[in-house]
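The following note sets out several points on the secondary-structure packing of the entry shown below. Please read it alongside the sequence and the model.

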Amino acid sequence: MALLLLLLELRKKLGIVLSVVHFNHNLRGKASDADEAFVAKLAAKHGLDFHSASEYVAKKAKDERANLEDAARRARHDYFRSLVEAGTCTRIAVAHTANDQAETVLAHLFRGTGLAGLGGIHPLAGVVVRPLLSVRRSELRSFLRAQKQTWREDATNRDTKRMRARIRKKLLPLLQKQFQPEIVEHLATLAGLAREDEAFLDAVAEERSRALVQKGAEGVRIAVDDLFPTRRKTEFSAPTGSRQEPRRKDTENAEWTRALSKRMVRHIIANIKSRAGQLGAKHVEAVLKLARGGQNGSSLALPGGVEARKERDALLFHAIENVEGRSPESTHREYEYKIDLTMGSAEISVAELGCVFRLRVIDWPPERGETSSHGAVLDRDRLRFPMLLRNWRPGDRLRPRGRRNDHKLKRLLNEKHVSRRERDGWPVLASGGDLVWARGFGVAAEFATNGSTRAGILIAEDKI
């Protein structure tokens with residue numbers, strides 16, 4: 001009410017056109033409907049356009065297994081955005097006060113928070129502006145009484161079963177009376193300072209992430225060494241004319257490193273998460289632990305539909321499907337293609353891998369330019385047709401050239417430090433039930449070319 005009356009007084013000076021927006025959460029039955037009617041009547045009194053929407057937020061929260069307050073906030077902000085996107089208005093002004101800011105900062109402290117949580121409510125957030133964040137609630141009520149304007153109270157604001165109501169009704173009055181009369185202003189100031197520092201540190205983390213993160217089809221990748229940066233202190237010398245101080249060695253500041261690493265993790269995940277989800281401090285710590293000491297191929301499921309996976313000396317972050325009861329490991333790229341070489345060549349596009357394999361019969365020994373490596377050529381006469389190009393399967397065995405015995409392909413992949421994610425859909429060639437070739441290991445020794453070979457089959461792989 002106070003915000004509306006203030007903007008009515010200032011609209012000519014500000015050069016704005018006002019309308020009134022109301023969102024009914026349907027949480028208090030007839031009281032909720034009475035609120036809406038009260039606001040609609042006030043808008044009509046001042047000749048303002050009135051826009052309203054409603055949603056049964058309690059059901060929404062239950063269906064989404066979400067916190068009620070969070071579900072309500074998302075519902076009304078979705079409505080706010082829809083009005084702006086439709087061109088109905090350009091901004092939505094809401095009336096959070098300095099008291100709301102103080103309550104929010106304290107609530108975040110009790111739940112556990114970092115610098116971002118200390119920032120509390122932001123004056124500008126997307127399409128929403130909050131021009132009254134520096135004004136106390138008591139000042140607005142005094143203003144309304146002077147204007148002889150009534151208002152409505154939400155009964156749930158007095159329900160001390162809720163933490164925010166307890167902070168409002170019990171804690172803040174106690175702090176003001178027995179500790180610090182200006183506690184509301186001090187907490188609001190703290191929030192402003194925290195937001196400034198948070199914005200600067202986020203900009204540093206974003207700039208570093210943008211320089212070091214590599215984007216690919218599988219997700220985004222960052223080297224472990226890049227995730228844990230080293231702070232290098234600048235050299236210094238004594239004032240001119242005095243003895244030169246010894247040069248300091250480059251040192252690593254552990255606290256500085258961890259602070260930036262955590263922010264980089266948060267920034268990476270925020271940019272790729274596929275759905276809503278709150279990333280907590282424990283999640284970030286788990287990612288850093290995975291980066292530092294996790295085994296190759298080990299992974300973490302994170303809020304927002306994100307998986308972090310250790311791949312040798314790097315971390316891979318990628319969005320995962322939210323499928324009930326299915327883990328990221330349970331989806332495999334399976335395929336099998338018969339190879340027809342009756343025309344002397346074959347081209348097989350494997351959409352599952354995003355690549356194409358080209359096989360061609362060549363005379364042996366080859367003419368110059370046909371092949372630069374015997375490792376990718378099979379002896380045609382030792383093969384049984386048709387050959388199959390397929391994904392590797394548990395139990396597959398291969399004896400690469402130069403080895404005395406055959407080994408399970410799984411063991412060979414482990415020796416090569418191929419992560420579980422990378423080996424998903426790993427291509428092999430089979431002939432008569434035997435593996436004759438596998439990506440990264442060349443041809444099987446018993447199917448390799450030798451002095452008696454008359455014709456070979458050259459294998460090449462390219463991206464689609």
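**Notes on strands and helices**

1. Strands β11 and β15 (residues 387-391) run antiparallel and are joined by four bridges. Strands are DSSP runs of E with at least two residues, helices runs of H or I with at least four, both numbered from the N terminus. Within this pairing, E336 has R390 of β15 as its bridge partner.

2. The model is predicted: local features need pLDDT of at least 70, side-chain atom pairs count only at pLDDT 80 or more, and totals for chains, interfaces and linings use all residues. Residues are numbered from 1 along each chain as its sequence is written, and side-chain values use heavy atoms, with hydrogens and water left out.

3. An open, antiparallel sheet of five strands has the order β11-β15-β18-β19-β20 (two strands pair if DSSP finds at least two bridges between them). The edges are β11 (336-339) and β20 (442-443); each has a single partner strand, so one side of each lacks a neighbour in the sheet.

4. Six bridges also link the parallel strands β1 (residues 19-24) and β2 (residues 49-54), where N24 is partnered with S54 of β2.

5. Helices α1 (residues 2-14) and α7 (residues 137-146) pack at about 65 degrees with axes 10 Å apart (axes are lines fitted to C-alpha atoms over the stretch in contact, and angles run from 0 to 180 degrees between N-to-C directions). They are therefore roughly perpendicular (65 to 115 degrees). A2, L5, L6 and E9 of α1 meet L140, F143 and L144 of α7 (contact means heavy atoms within 4.5 Å).

Technical notes. Parallel < 35°, antiparallel > 145°, perpendicular 65-115°, else oblique.
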